[in-house]
Amino acid sequence: MTSARSLTRKLTLVGATLALGCSSSTGPTRAGPPTTLHRVTGDAQTGVEGQTLPVPLTVQVLDDAGRGVPGVPVDWHVMPGGGFVVASALPTITDSAGLAIIFWQLGFRLDSAAIVIASCCRGATATFTAHAVLPLAQRIGIMGGLWQYDTVTRTLAHAIVARVLRADGKPDVGAIVGWGTSTPGGHFTPTFVAADSAGQASTYWTLGTVAGNQTGWASVRGLPQALFSATAFAGPPVRLVIAPNPLPTIGVIGTAVTVIPQTWDRYGNRAAPAVSLSAADSTIVGVVSPGPGVNPTVLARHHGSTWVTAQVGTLRDSAPVTVLGFTGVSTGRGHTCGLSLAGDAYCWGDNFLGAIGDGAQTGSPYPVLIGKGLGLQLPSADWHTCAVTAAGQAFCWGPDWDGELGDGLPTYATDTLHTLPVPVAGGHLFASIRAGYTHTCGMTTTGDAYCWGANDYAQLGRDTATNTCPRGTLHRCSNTPILVAGGLTFAQVSAGGFEHNCGVTANGAAYCWGINDSGQLGNDSTTETCGTAPAAPCSHAPRLVEGGLTFRSVAVGSAFTCGVTVTGDAYCWGWGLNGNLGNGSTVSSIVPVKVAGGLAFADVRTGFYSACGVTTTSKLYCWGFAYPATPTPVRPDLQFGAIAFGELTNCTITTANDLYCWDH
């Protein structure tokens, strides 16, 4: 619709043009009194209902001599149903040539002529007529059969009804309506229909073979198509497939795997019938079916292999699923590794630094087989990951900013990570290996301890000026194993936390080295300082843990350490503000303090600010940070044989070799 401002501009231009056309070449002559009203333009037009006519309505006021009279008011009156007139002001005032101009926007009356009457001068009038017609798009429309649905290739229950009107809004009797669709396989019966006395034509629509929204059209020559649609559902399923197949290998009990039963009808449309899902052995996995529209899941319950079967009517498909059993587990800073009952090494979780070791940097929620053909034993995980083979060869993978992979490569300046296991340099045969924060320590088959990686805080157990790592110009480090000072023979070595390590000698004495800012070395080491941001007490050589205790094992946390004596008592020392020393207090200690509760432990593992232990009766207890400051039972319904502590996750293995993990 034309705006009032636009119409005003048009009126000004039209008036100026008419005035020029009616002006006298002999110069102005004073007009007499107005006597007649003369119709100039705009009569007998035809236009679309509700729209402005293209030619304005123009009248001229004349005197007895036929001269235009300026300054005369002209009134305009629209008869009912005729719409309305538009001018810059009403009444209009004649210009210097006696002209008055106005635009006419038609109404919606189609059954008779629309009338506008201009008047002035004590009864002088001029009458304008126009006829409104329907726009083309309104001359054909769908009146019935909309919003239907049925199965593909089925004929819809209700007829599709079109109505055709003439320009004057009356039924277009006898108009030929054609029906069609672009949907493959769809058709109409009949295809062409003559409109009846009401202007209506009907047909029946047989849907095409493609499920989803299908579109049809009705057309009459000279008019735009009238569109309509219906929904086609897939037909009965003739094929059923489970995806993925096989299902992913599951590592952690309680892990859910989404199963997508996919069905198709004979035309290849995805169908969505109710699918029943079952497990051949429900003790290994359970099936959870949330309801319509949501895919079912398979939930790991116990290690083993079984089949998951989907069924719709007589259609069936099955997929194998395996839940791994484990003998050992290790958790890092976002990823987890385990050694399966079959003796294979697996890792899963975050992998943006290649710590999983599968040659990629994409994470996986499910276990990935690592080092196929190498015979790797249980990997040790932190930011990076390391493992030894049954023959004692060590491999590491993941980030290598500080030489923590120990590969000894001359390209260390640009050697920032490896996504596959690389051999540790030096030719040593290791009995065990432990990944720390930015360093690694291993114990050889002869009991010697070697460490490599960052050495800012003496965590390599020997002072060294070598800087063979990408950050070597700023940090002390070594990308090859360095023999820990002191000439000690170890039975067990633990690395982790941040920058300290501990080990137990063959006679049960515990030694620690590295940073000692919180007493985590178990003795008052004040003779050395390490680091610059800030400097902190440290020891480059192993220091005997005070207290005269005989240990079976030690575990290194972030700034504290715990150990289990040969009698099964647990002791902790170092940072204790989170209750992580387990003695009921939140006070740090530079000497071992006994964990409360009188429990006999088989193993204790430490995390950032908490610790957990498995008792000799296979029960799990935790303390510190998210737990009380004394041992608290966790999952008392289960019996555990192994435990691992990571930055974000704890994992334990039951005596039945099932793996459980939880965030802490």
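User: If a disulfide is a pair of cysteine sulfur atoms within 2.5 Å, how many disulfides does the count come to?
Analyst: This is a predicted model, where local features need pLDDT of at least 70, side-chain atom pairs count only at pLDDT 80 or more, and totals for chains, interfaces and linings use all residues. Residues are numbered from 1 along each chain as its sequence is written, and side-chain values use heavy atoms, without hydrogens and water. By the sulfur rule, the count of disulfides comes to 10.

User: Is the link of Cys 469 and Cys 477 left-handed or right-handed?
Analyst: The sulfur atoms of Cys 469 and Cys 477 are 2.0 Å apart, a disulfide. Both cysteines are buried (under 20% relative accessible area; exposed is over 50%, partly exposed in between; 1.4 Å probe, protein chains only). The angle about the S-S bond is -95°, which makes the link of Cys 469 and Cys 477 left-handed.

User: What is the angle about the S-S bond of Cys 120 and Cys 121?
Analyst: A disulfide joins Cys 120 to Cys 121, at 2.4 Å from S to S. Cys 120 is buried, and Cys 121 is too. The link is left-handed, with an angle of -70°.

User: How many residues apart in sequence are the parts that Cys 612 and Cys 622 tie together?
Analyst: Cys 612 and Cys 622 form a disulfide with sulfur atoms 1.9 Å apart. Their link is right-handed, at 105° about the S-S bond. Cys 612 lies in strand β50 and Cys 622 in strand β51, so the tied parts are separated by 10 residues. Strands are DSSP runs (E, at least two residues), as helices are (H or I, at least four), numbered from the N terminus.

User: Is Phe 625 buried or exposed?
Analyst: Tyr 609 and Phe 625 have ring centres 6.1 Å apart and planes at 50°, so the pair is tilted. Tyr 609 sits in the loop between β49 and β50, and Phe 625 in the loop between β51 and β52. Tyr 609 has 31% relative accessibility, so this residue is partly exposed. Phe 625 reaches 51%, so Phe 625 counts as exposed.

User: Which residue does Arg 239 lie over?
Analyst: A charge sits over a ring if NZ of Lys or CZ of Arg is within 6 Å of the centre and within 35 degrees of the normal. Arg 270 lies over the face of Trp 264, 5.6 Å from the ring centre. Arg 239, at 4.0 Å from the ring centre, also lies over the face of Trp 264.

User: What stands opposite Leu 277 in β26?
Analyst: β23 and β26 pair in the antiparallel sense over four bridges. Opposite Leu 277 stands Ala 310.

How values were computed
Rings of Phe, Tyr and Trp (its six-membered ring) pair if their centres lie within 6.5 Å; planes under 30 degrees apart count as stacked, over 60 as edge-to-face and the rest as tilted. A disulfide is a pair of cysteine sulfur atoms within 2.5 Å. Two strands pair if DSSP finds at least two bridges between them.
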